[in-house]
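Please walk me through this structure in a viewer, one selection at a time. For each stop, say what to select and what is there.

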Amino acid sequence: MNKTHPTLYACAATAALVATIFCAGLSILMATTFLQTQSATPLDTPALQILKNQIQQQPADSDLTEQIRALDLLVRRAYFGSLTALRVGAFLLLIGLTVLIAALHIMHTLRSVISHPTPNSNGITTDVLANSRLAITLTTVLLIALAAGIAIHLSRPHATQLPAVTDALSPSKGPSTTQLPPPWPGFRGPNGLGIAYDVTPPINWDGESGSNIIWKQEVPRPGFSSPIVANDQIYLTGGDSNVCEVYAFAASDGQLLWRHPATGIIGSPESPPEVTVDTGYAAATMTTDGNQVYAIFANGDILALSPDGKRTWARNYGVPDNPYGHASSLLDHNGLLFIQFDDDTGGRLLALHTDGGDIAWNIKRDVLPCWASPILVKHNGQRELILNGNTIVAGYDPATGTELWQFDCMGGEVAVSPAWWDGTLLVANEYAKLSAIRLDTPPQQLWEQFDDLPDVSSPVAWSNRLYMANSYGSITCLKISDGTQLWQHEYNSGFYSSPIIAAGRIYLTDKHGVTHIIAATEPFTEWGSPALGEPSTAIPAFVGKRIYMRGTKHLFCIGAQ
Amino acid sequence: MNQAQQTNITRRGWLRTALRTIALVGLGGVMVGMVSRTKRLCTKVSSTCRGCAKREACGFAPPRTLWQLDPTKCIQCGLCATSCVLEHSAVRCFHTHAQCGYCKLCFGYFEPGAKALSSAAENQLCPTGAIRRTYIEDPYFEIAIDKALCIGCGKCVHGCKMFGNGSLYLQIDHSICLNCNECAIATACPADAFSRVPYAEAYTKRANGSSEA
Amino acid sequence: MNRKLTAALIIAIAISVSTLLVVNKRGCSTTSVPESYLYSTKVYTDAERSAPLLYREISRIPLSLLEPHALTIGQNGTIAVVGDKALLLMDSEGREKQRINLDSPPTCIAWTSTNIFVGFNTHIEVYNAAGNRLQTWQTLGENAWLTGLAANTNTLFAADYGQRIVWQFGFDGQLLGKFNGRGPQGSEPGFVIPSPYFDLAIHNESVWITNPGRQRLEAYSFAGKRLSYWGKASTEIDGFCGCCNPSYIAITADGGFVTSEKGMPRVKRYASDGAFLGMVAPSDTFPKGTVGLDLAADNDGIILVLDPGSRAIRFYAEEAL
Amino acid sequence: MRIRLISLSIMTLGLVLVAPTFVSAAERFPTPDFETGYTLPSTPQPAPRAAMWEVIDTVTLLAALVLGAIFALKLRSRRAITILSLFTIAYFGFWKKGCICPVGSWQNVFQAMTDPTTTVPTSVLFVFALPLIFALFFGRIFCGAVCPLGAIQDIVILKPIRLPQWLKHALSLLPYVYLGIAALLVYTGTAFLVCRYDPFVGIYRMNGPFWIIIFGAALLLIGIFVARPYCRFLCPYGVLLSWASALSWRKVTTTPTECIQCQLCEDACPFDAIEFPTQATEAHHHGLKRLAGILLLLPILLGFGFWTGPHLSNLLSKMDHRIQLMAQLELENSIPAIEMNDQSAAFRASGTSLASLQQEVTELQQRFKTGGHILGAFFGLVIACKLAALARVRTRTDYEPSRTNCLACGRCFAYCPKEHEQRKVGSSRKQVVSYSGFSHITHGVGRASPYSGSACIATDSPRAPGIPGSTSYNAKILLPKTPQENDE
């Protein structure tokens with residue numbers, strides 16, 4: 001102990017002890033109060049809430065009101081009481097700590113003795129340096145590891161953000177199971193469902209100024225068919241009364257890699273059939289399985305071309321006898337190419353072998369002419385090929401062509417392809433109706449609806465919502481489960497192109513080439529409406545971070561430069 | 001050896017002086033730059049300086065900035081009451097009488113579903129009873145906020161905004177606000193309603209985006 | 001000795017870092033707000049559910065207006081809507097037949113067999129069914145703020161929220177009279193209008209005027225004498241809640257009332273004696289924060305609701321009971 | 001970001017322009033015509049802290065720094081410094097509530113430098129610059145007694161221990177990391193990290209987030225043994241100050257005259273800032289070789305940092321509220337099951353176009369990317385320098401405070417016999433006692449009496465035979481110091 005000032009030392013020691021106890025107690029007390037006020041505010045008393053709910057039932061009850069008033073007062077007192085308590089407590093604690101520290105300093109001072117430094121105790125030596133260098137290196141590694149750890153920890157939840165439905169509806173594999181399916185294999189994307197998977201398309205561009213336009217390439221001949229994308233090439237058809245052609249553009253820079261005229265095909269008519277201007281000769285969109293691309297034209301010519309533009313086969317199974325001209329797009333699955341051949345001679349569903357082009361099967365359909373395109377869905381684990389027809393909607397086994405079911409609900413000039421969501425089929429047409437059909441056996445109509453029906457643009461279904469647009473410029477969102485309208489919006493310009501769901505947004509291009517980007521949810525929220533700078537009726541192709549859009553004259557590649 | 005050391009030392013000393021001068025010049029440059037920048041901006045941002053008495057002069061006295069809540073952005077999430085560094089938040093409810101409807105059935109005052117339009121506890125909306133309601137004449141009642149009791153939860157603001165004229169609004173009481181360099185509420189605010197504004201217009205923002213007359 | 005303390009130090013630092021992370025989380029979380037700080041409208045929505053829903057939305061017409069303000073029904077079901085700086089004339093199907101551009105933003109409208117009266121802040125303009133402007137009436141003072149028009153065969157009533165009076169005009173624009181509802185020697189507070197919603201409707205020989213500040217509807221003779229009133233301030237479903245409701249009214253063919261409210265944007269149906277019948281459209285029908293649901297009722301019992309929130313006219317038909 | 005006047009002005013304009021009709025109506029709402037002659041009360045607007053106070057604060061800071069410099073360099077009085085630091089705690093701490101402090105103010109200046117739309121109030125500018133200027137002339141005077149964060153830690157130092165060298169060096173990386181990250185977040189307008197996690201400001205306010213206060217308390221507890229943990233192993237402003245004081249004109253010295261290698265000051269510095277004479281004996285070229293190796297490593301470290309930096313910054317970008325909001329909106333729009341949170345609800349209500357937000361976020365991410373590159377390179381450089389500094393043994397003959405690490409607390413003064421020798425001249429022993437500092441009175445007493453003057457040292461020095469110190473001491477006696485050496 002200390003010789004020089006024993007009393008002083010003793011006093012300091014006691015003071016320190018007392019202060020310590022005081023501070024410890026006080027801080028614990030405060031911490032609890034603090035946490036109380038933080039977690040559950042005294043104002044948030046369940047008891048009071050219960051009483052208030054009771055008073056709703058019996059307003060007349062006087063002693064209940066008395067209770068409430070009493071409790072309310074109590075609670076508010078408690079709250080402000082706790083605030084004051086904290087403030088006072090803080091001050092007291094401060095005083096306590098000051099005393100403590102002072103006392104400790106005095107004690108320390110009185111007790112301290114001269115430390116006799118030992119020789120060579122703490123000099124800088126080489127191994128100290130070595131250790132330090134090692135330590136610094138290790139710390140660096142440690143910090144990097146820490147950062148990486150946090151990064152991994154944070155990045156984990158992002159995986160779950162992808163909609164669970166994706167794999168349920170994932171595009172069908174081509175003949176060779178090893179390779180990935182083409183990113184945008186045909187009309188309205190994978191299986192014709194109008195949904196783009198794993199894409200992050202841009203939301204602003206401008207065809208005029210060329211902002212976010214990666215490239216722009218003139219398309220030699222006109223056509224209403226939409227672009228498809230496979231092995232880094234964009235395929236298009238175009239044609240006029242002279243000749244119909246297939247074009248392939250390079251995804252990288254948009255240069256026209258090759259063009260293949262549909263000529264010299266056995267059974268092809270001498271003179272092209274009568275078509276109207278708003279259908280043209282190349283209205284049907286191509287399809288591809290990644291190994292070959294397939295095209296069909298108004299005169300019934302069907303071609304299969306290799307990615308480098310060599311013709312593998314070409315057939316003509318009759319000229320579609322069709323008031324406007326053939327417009328139904330192709331679809332392929334498991335080595336079969338499906339053609340919806342609904343014309344005045346009565347409807348057919350053709351399936352050709354993708355190698356060779358011979359008829360695998362040919363199913364008679366009792367329908368009137370129709371311009372809709374088939375879709376391929378997965379229902380109860382089975383693939384089904386679904387055709388919108390006039391007046392029958394029917395489902396087929398894509399392997400054998402056996403008709404699985406049919407449902408009579410269509411009418412008018414059917415050009416609108418079906419939409420599909422989770423076991424529910426949605427078919428609509430102007431002058432007919434929109435009906436939601438549950439594919440049980442037999443199919444049940446859940447509900448029907450008669451307003452704002454689409455005429456050209458095909459509806460798209462996504463997460464229990466149906467989006468449909470029509471050529472009058474209205475876009476409507478309905479709840480698929482019960483058909484209630486969630487929102488509707490009127491645009492000045494009408495729609496021929498169809499809505500596509502990409503990255504949780506609807507991309508819908510109007511006749512003037514303005515793409516309306518709308519959140520695929522409610523309420524109606526528009527992300528923007530970038531303009532292509534020229535009219536467009538085709539359906540854009542969504543691949544990765546890019547959009548390929550066909551205007552009347554040009555093919556555009558849209559994406560961040 | 002010693003000689004070497006000496007020259008070594010002088011060299012270091014000289015180098016140090018040179019660097020020091022550079023550092024000083026740099027620091028000075030930064031300061032001058034900042035001040036002139038403030039001048040320039042202050043002449044530019046005249047629209048923010050609305051209602052600022054010494055707007056013209058402000059170029060010469062770079063503005064102190066204070067935190068301000070923008071009531072038009074406010075969504076009354078209640079975080080003002082809980083996330084201030086002060087236990088009793090510096091955000092309080094303000095009331096613009098000029099905008100008040102003096103409504104008998106005031107939705108800033110009465111609990112939703114209140115049975116009687118009396119000031120009894122069970123009818124009051126305010127969790128701390130910070131709103132005073134005084135009769136003026138039929139059918140008008142005056143509403144006044146007791147700042148000492150208000151905790152800035154914005155419950156009344158929500159009611160008034162929803163049903164009434166939005167004469168009640170949340171704002172920072174600068175006699176309480178510590179003007180932290182980073183406002184804790186601002187970091188928590190979901191509506192991003194907090195921003196720094198020149199000293200002169202600490203209170204110019206009011207509900208409905210109109211500025212105090 | 002040193003080893004121990006270094007260990008302690010490292011642990012301490014680890015603790016501090018973790019606390020930082022905790023604080024950071026707390027900083028971001030918005031869950032720490034007590035229930036008692038949040039405004040709940042549950043009471044109202046519950047009440048709405050308990051009340052009978054008498055009507056069903058049968059169709060909806062989207063409008064090509066950004067800020068539709070008022071609508072009215074003309075001859076044989078034609079519809080007129082004003083908003084932005086335009087007057088829209090539509091057929092009964094809701095197809096836009098004509099769009100007449102106006103010089104200033106209109107606030108209200110009335111349509112008689114002969115004329116369309118369009119109210120602006122401070123004056124009234126008269127158009128014919130073809131959409132040509134016939135007259136522009138004199139301004140009613142710079143404090144004027146017209147929010148409602150109603151006309152019968154020969155007189156037009158204009159509700160002026162700015163000056164809290166109701167004007168009465170002949171069709172030639174000649175001022176027939178005005179009244180402030182204060183009654184003889186101001187015994188009454190008159191029209192109490194805290195916010196710019198002041199509507200009126202004509203039925204038989206009386207004009208029904210909202211008195212939102214007092215949460216009631218008042219009937220006045222054309223001479224400006226108050227005949228009767230009904231309505232009570234209440235947060236119950238049968239009364240009007242909010243500082244100032246109802247915001248708009250319409251009178252059905254049978255003399256019953258349709259009222260719209262702001263705050264809880266909803267439409268209710270009352271009998272001719274003011275007895276609450278049920279809901280036309282509960283508050284969850286309209287987008288959050290919708291204000292200004294103007295109303296019109298045609299002769300076959302269809303109720304038209306102008307929904308500025310979704311920029312559309314909603315048609316409601318009585319649910320077959 | 002929060003302090004952008006321009007954006008604010010635009011916003012204000014916007015509000016005025018797009019105010020919906022309901023608003024404009026409510027603005028010209030005619031107040032009820034009261035018959036009882038009731039007059040409208042005006043809304044009270046409690047005034048902020050008067051502008052004058054900022055001037056006073058700045059002046060006080062200047063005065064404190066001047067005093068600090070005098071105390072540390074001229075008077076060489078530990079006691080005076082202690083008293084000053086108590087004042088600091090009282091004024092800059094409890095009275096001024098520890099905000100705005102120089103430790104945080106560099107962020108404002110840095111933001112204003114990187115973002116041309118922001119301004120810094122002059123007072124803040126001075127608060128930032130004064131300590132640095134003083135550091136350039138007199139060393140880290142600010143840390144010694146004028147920094148409220150330092151002062152509160154300084155008074156709790158009771159049983160300081162010397163950390164092992166390797167740990168000291170390892171931990172000394174942290175301030176650079178903190179500085180770098182904080183700077184990046186300022187550059188992107190995400191946060192003022194240093195202010196958000198200031199451990200002691202909560203204590204000065206006697207209020208604040210619970211966990212911050214706990215953190216502060218924890219640091220103080222550690223500070224009893226490991227002196228000033230925040231200053232030495234966290235403070236980002238300390239980094240700037242150490243750079244400045246490395247160039248300082250004058251610096252605090254342990255001994256008033258010249259060092260005599262008595263070793264008595266070895267334990268004097270609780271911050272381990274006194275550098276000892278080197279005892280290492282290694283061939284010169286070894287060190288050089290190592291140094292060369294590290295210099296070769298430098299570009300690799302820089303490159304690695306530059307490459308990995310964006311990954312780190314990408315991680316940090318998740319802290320930014322705009323990026324969080326964008327992610328939330330994306331999520332809500334792609335998965336309808338997701339509930340709107342307050343942020344997205346408020347955003348949707350505000351009517352701002354998503355495209356514009358997208359635009360802002362993309363720019364922001366670009367900022368994070370570039371910032372990340374710079375940050376990574378900076379870290380690489382720091383590590384390289386640290387290693388280079390440790391590459392070879394710098395021959396040192398005296399005990400002297402390190403230029404960069406010395407916090408100018410003046411504790412070591414009382415340990416130096418030379419000090420007492422000087423004080424003894426014409427001064428009573430009492431004065432020596434009263435003189436030599438707050439907590440070391442008895443050291444002073446104990447030390448002053450046994451060895452007074454160099455004579456005793458000579459008798460004392462056999463305690464360390466063969467230390468280069470003693471030899472060089474003799475050398476010193478023989479040839480007096482050149483002025484340059486004094487300067488050094």
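At what angle do the axes of helix 3 and helix 6 of chain D cross? Select residues 51-75 of chain D for helix 3 and residues 122-138 of chain D for helix 6: their axes come within 10 Å and cross at roughly 10°. Angles under 35 degrees count as roughly parallel, so helix 3 of chain D is roughly parallel to helix 6 of chain D. The model is a predicted one.

**Chain D: the helix 3 and helix 6 contact**

Show the side chains next. From helix 3 of chain D, the residues in the contact are D:E54, D:T58, D:L61, D:L62, D:L65, D:V66, D:A69 and D:L73. On the side of helix 6 of chain D, they meet D:S123, D:F126, D:V127, D:L130, D:P131, D:F134 and D:F138. Coloured by class, this contact of helix 3 with helix 6 of chain D shows 12 nonpolar, 2 polar and 1 charged residues.

**Chain D: helix 10 and helix 15**

Stay in chain D and select residues 174-187, which are helix 10, together with residues 236-246, which are helix 15. The axes of these two helices are 7 Å apart, and the packing angle is about 110°. Angles of 65 to 115 degrees count as roughly perpendicular, and helix 10 and helix 15 of chain D are therefore roughly perpendicular to each other. Helix 10 of chain D contributes D:P175, D:Y176, D:Y178 and D:L179 to the contact, while helix 15 of chain D contributes D:P236, D:V239, D:L240 and D:W243. By class, the residues of this contact of helix 10 with helix 15 of chain D are 8 nonpolar, no polar and no charged.

**Chain D: a cis peptide bond**

Now select D:C99 and D:I100. The peptide bond that joins D:C99 and D:I100 is cis, with omega about 5°. Most peptide bonds are trans. D:I100 is in the loop between helix 4 (78-95) and helix 5 (102-114) of chain D.

**Chain A: two loops**

Move to chain A and select A:N390 and A:T391. The peptide bond from A:N390 to A:T391 is also cis, with omega near 10°. A:T391 sits in the loop between strand 16 (382-387) and strand 17 (392-396) of chain A.

Then select A:D422, in the loop between strand 19 (419-421) and strand 20 (424-428) of chain A. A:D422 is not a glycine, yet has a positive phi of about 50°. Most residues other than glycine have a negative phi.

**Chain A: a hairpin and a sheet**

Select residues 434-438 and 444-449 of chain A, which are strand 21 and strand 22. These strands pair in the antiparallel sense over 5 bridges, and they form a hairpin with 5 residues between them. Which residue of strand 22 of chain A is the bridge partner of A:A436? The partner is A:W447.

Elsewhere in chain A, 5 strands form an open sheet in the order 1-27-28-29-30, with mixed pairing. Strand 1 (195-196) and strand 30 (526-528) of chain A are at the edges, each with a single partner strand, so one side of each has no neighbour in the sheet. Strand 1 of chain A runs parallel to strand 27 (residues 500-502) of chain A, and 2 bridges join them. A:A196 has A:A502 in strand 27 of chain A as its bridge partner.

In chain C, 4 strands form an open sheet in the order 1-24-23-22, with antiparallel pairing. Strand 1 (55-62) and strand 22 (295-297) of chain C are at the edges, each with a single partner strand, so one side of each is left without a neighbour in the sheet. On average, neighbouring strands of this sheet are turned by 25° against each other, direction ignored. Within the sheet, select strand 23 (residues 303-307) and strand 24 (residues 312-318) of chain C, which pair in the antiparallel sense over 5 bridges. C:L304 has C:F315 in strand 24 of chain C as its bridge partner.

Next, select C:R269 and C:D254. They form a salt bridge, with the closest N and O atoms 3.3 Å apart. C:R269 is in strand 20 (residues 266-270) of chain C, and C:D254 is in the loop between strand 18 (248-251) and strand 19 (257-261) of chain C, 15 residues apart. Over all chains, the whole structure has 40 salt bridges.

**Chains C and B: domains**

Finally, colour by domain. Chain C is assigned domain 1 (1-38) and domain 2 (43-318), with C-alpha centres 59 Å apart. Chain B is divided into domain 1 (3-41) and domain 2 (65-201), and 52 Å separate their centres, taken over C-alpha atoms.

Methods
Residues are numbered from 1 along each chain as its sequence is written. Chains are lettered from A and ligands numbered from 1 in the order in which they are written. This is a predicted model: local features need pLDDT of at least 70, side-chain atom pairs count only at pLDDT 80 or more; totals for chains, interfaces and linings use all residues. Side-chain values use heavy atoms; hydrogens and water are left out. Axes are lines fitted to C-alpha atoms, for helices over the stretch in contact, and angles run from 0 to 180 degrees between N-to-C directions. Angles under 35 degrees count as roughly parallel, over 145 as roughly antiparallel, 65 to 115 as roughly perpendicular and the rest as oblique. Contact means heavy atoms within 4.5 Å. Ala, Val, Leu, Ile, Met, Phe, Trp, Tyr, Cys and Pro count as nonpolar, Asp, Glu, Lys and Arg as charged, and the others, Gly among them, as polar. Domain bounds come from an automatic or database domain assignment. Two strands pair if DSSP finds at least two bridges between them. A salt bridge is a side-chain nitrogen of Lys or Arg within 4 Å of a carboxyl oxygen of Asp or Glu.
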